[in-house]
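Please keep the sequence and the structure in view while reading.

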Amino acid sequence: MLLECFRYQCLHRRPAMNPTAPTFQPQPDSGSESPPVDARAWDSDQRVAHIAHLLRSLEAVASESGQSVSPDRHSGHAHENQLVLARLGLATALHTALRCKHAPSAAHALRVAIGCSNWAATLGLSDQDRDHLEVAALLHDIGKIGVPDQVLAKPGRLLPEEIEIIDRHREMAADMLVNCGAPPELIATVVASAAWFDGTHRVVPLSGEQIPQAARMLAIVDAFDAMTTDHVYRPAKSRERALAELFHHAGTQFDPSLVQSFSDAISRDQSILSNQVASRWLADLAAHNVELPWQPIAPTAKERTAGPPLELFQTKLLDNMHDGVIFVDCQRRVLSWNTGMERITGIGGTAAVGRVLAPSLLDMSDQENRRIADERCPTQTALACGVQALHRVTVLGRNGNHAEVDLHVVPVRSADGTLHGAAVLLHDATSEVSLEERCQTLYAKATKDPLTQLANRAEFDRVLALFIDVHQETGLPCSLVMADIDFFKRINDTWGHQVGDEAIVAFAGLLKAMSRSGDLVARYGGEEFAVLCADCNNPTAARRADAIRKNLAELAHSNLGNKSFTASFGVTELQMGDTPETMLRRADRALLQAKDQGRNQVVQLGEGAMAEPRKKSWWPFGAMSFRGQSLVEATLVTNVPIEIAIQKLRGFIADHAAKIAEIGENEIRLETSDKSAANLRRRHDRPIDFLVEMQFVQEHFERTNSQGLAAGSYVQTKALVTIRPRRDRDRRLSHATERARLMLSSLKSYLMAREEAADPVFSPK
């Protein structure tokens, strides 16, 4: 069935539109001759001949191995051994080729493979099915080897003809796998992973249960990793927001039941599952190492006794420089992108490496505010002339404003005169004090803890309020990491309090060493620490906390008998309407959850909502017109059952110190005080006490389409919200409605809901 669909896909594809696509020549089988294929001008006859040959190759591979082409075949140990061999030989070679072509795509494929293997372990899939899914995930993007560099490394949005080129990479992947002797089931899974569950995607004409389970699982993990990874054109989404996107497209792009299964799977401890995957792969590698045609080269005695390489010092220096530094090759492809460049531009190093350095990547303008065309790139000019260049230009900064910088390009030549590329330096020439410098000033004035020389609890409380004010003023994200040493009492009881103090000092030093300038590291109390991360969102802070956790677990201490100790971490991000108390309480809940789930892990809670635009109100009589005594009335819709919506409401109640005044069947009335709104206004403004009334309604609806493939019963919860002041005199305050809307925005973040026009049937009490 999949081969027939693949035949249909290829015979009904539109011809290529981009004249710059490279020529792709498949290898002929023995006894048959493959027609040459030119991706620049494929007419229908050439496609028919090429695809017919490709399908004959698929059938020949299946017949020669005595296998059926059905994707549901599960017979014997030969198939399992073949997959293991593919993972250790074929997959490694092709994955290495993809890494040489485009390193971010190869890293993405490896993360997707690990994620698929973790999920398969929670589902209890057989080793045969798990091997099949892992190899398909490792190889699902190898067709990008045939995509032109100018399309693959383009920093902006793709044109329609460029999207057509990208769409062909699954077809090229299938051709590569056929000529490498891959099993037909593996090829079918790679091709079918591009299909949409409701059959509306034009690239692969499959739908519903016609799509193999492995392909449906691969599509979900592929999309989740893409959403939670930094890109040049957008930052990474948090895990919660990525899951919400998956649920939003369940039934159309993704299998709804598998989306729910994946959501349940990632709630487990992923570090343990990832370690199991690593152990399993390494065990397979050890069992089949004799079959590999190469052997690792043992280090020489000189290499074993030599000190740290010079590159280590250079890397440390570059990462801690305030100025931006970029290394490019002769084709201006970025080889290195230091932390200073991340600070100036807001583009992460992982997203920038591999891209072509061009003025359009940085939105570069000259001193007359005229855009610099890519053809007049200063780096290209310096490479062509072989001499240094110095220009005063402006680039797009992380706040959306253009920053003035001094651009210095230095060509790099070897002793024999060979040109290898260029070093590009960007010095911030603006007179404005950056956010990092303001945070650094706060840190320099902090009161120290006598044991660890970190900021103490009182200074942390003071700086936390300043951090929130600064980040709310600039609209930039801010994250808080709470850390606690695991089983610290056991260390004191076993080794003594002096060794316990040394463990605290060692952990404090690691936190300080792995933090950035501008961050605040404080000893919150006892063995508990806090890290305020300036200009840092939730996913980035969680990754940094996980890196600290891993380094701590691997660090042996002589005073502990050369053993190590671990720590747990709770991470959260500043949200709309947050106060220092609510943000700290949410981070503490994340830390307690990490402790309850087994310790030595990172748990993140909350969504950032600093840049959320204010929606136009559905109330037709203006912001200061009240129906009854209400200030704000809204209908919030979340795509979860009512039980989950009420669970999410608990976080809002805890973090805002709200009191439950009245509760009924699907109805609740809360009393809370909006202290955060006072921080956003004049300092002498007093807080307003609010009554928040909510009525929850769970709705079931049927979703259908023209093919009827996504038909089924779906559920959503509506929260009918009314916010009013407890005292009538507060309604006359000019900023009362604004504060009520801030309260509504915070409630919307906790429920992960969207706002719709109010139901005309609903009448607040």
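How many bridges join β7 to strand β8? The two strands are joined by 5 bridges and run antiparallel.

## Basis of the report

The model is predicted: local features need pLDDT of at least 70, side-chain atom pairs count only at pLDDT 80 or more, and totals for chains, interfaces and linings use all residues. Residues are numbered from 1 along each chain as its sequence is written, and side-chain values use heavy atoms, with hydrogens and water left out.

Helices (H or I, at least four residues) and strands (E, at least two) are DSSP runs, numbered from the N terminus. Two strands count as paired if DSSP finds at least two bridges between them.

## The mixed sheet

Strands β7-β8-β6-β9-β10, in that order, form an open sheet of 5 strands with mixed pairing. Its edge strands, each pairing on one side only, are β7 (520–525) and β10 (602–605). On average, neighbouring strands are turned by 20 degrees against each other, direction ignored; axes are lines fitted to C-alpha atoms, for helices over the stretch in contact, and angles run from 0 to 180 degrees between N-to-C directions.

Within the pair of β7 and β8 (residues 528–534), Val 521 stands opposite Val 531 in β8. Helix α25 (residues 580–596) packs on this sheet and touches β6 (478–485), β7, β8, β9 (567–573) and β10. Contact here means heavy atoms within 4.5 Å. The direction of α25 makes about 145 degrees with that of β9.

## The antiparallel sheet

A further open sheet has 5 strands in the order β2-β1-β5-β4-β3, with antiparallel pairing. At its edges lie β2 (334–337) and β3 (389–396), each of which pairs on one side only. The twist from one strand to the next averages 25 degrees.

Strand β3 pairs with β4 (residues 402–413) over 8 bridges, and Leu 390 stands opposite His 408 in β4. Helix α19 (residues 378–385) packs on the sheet, touching β1 (324–328), β3, β4 and β5 (419–428). Its direction makes about 20 degrees with that of β4.

## Buried helix residues

In helix α11 (residues 239–248), the buried residues are Ala 242, Leu 243 and Leu 246. They lie on the same side of α11 because they cover an arc of only 100 degrees around the axis. The arc is that of the directions from the helix axis to the C-beta atoms. Their cover includes α10 (213–227) and α12 (256–266).

Thr 189 belongs to helix α9 (residues 184–192) and counts as buried because its relative accessibility is 2%. Buried means under 20% relative accessible area, exposed over 50%, and partly exposed in between (1.4 Å probe, protein chains only). Not counting residues up to four places away in sequence, Thr 189 touches His 132, Ala 136, Ala 214 and Ala 215.
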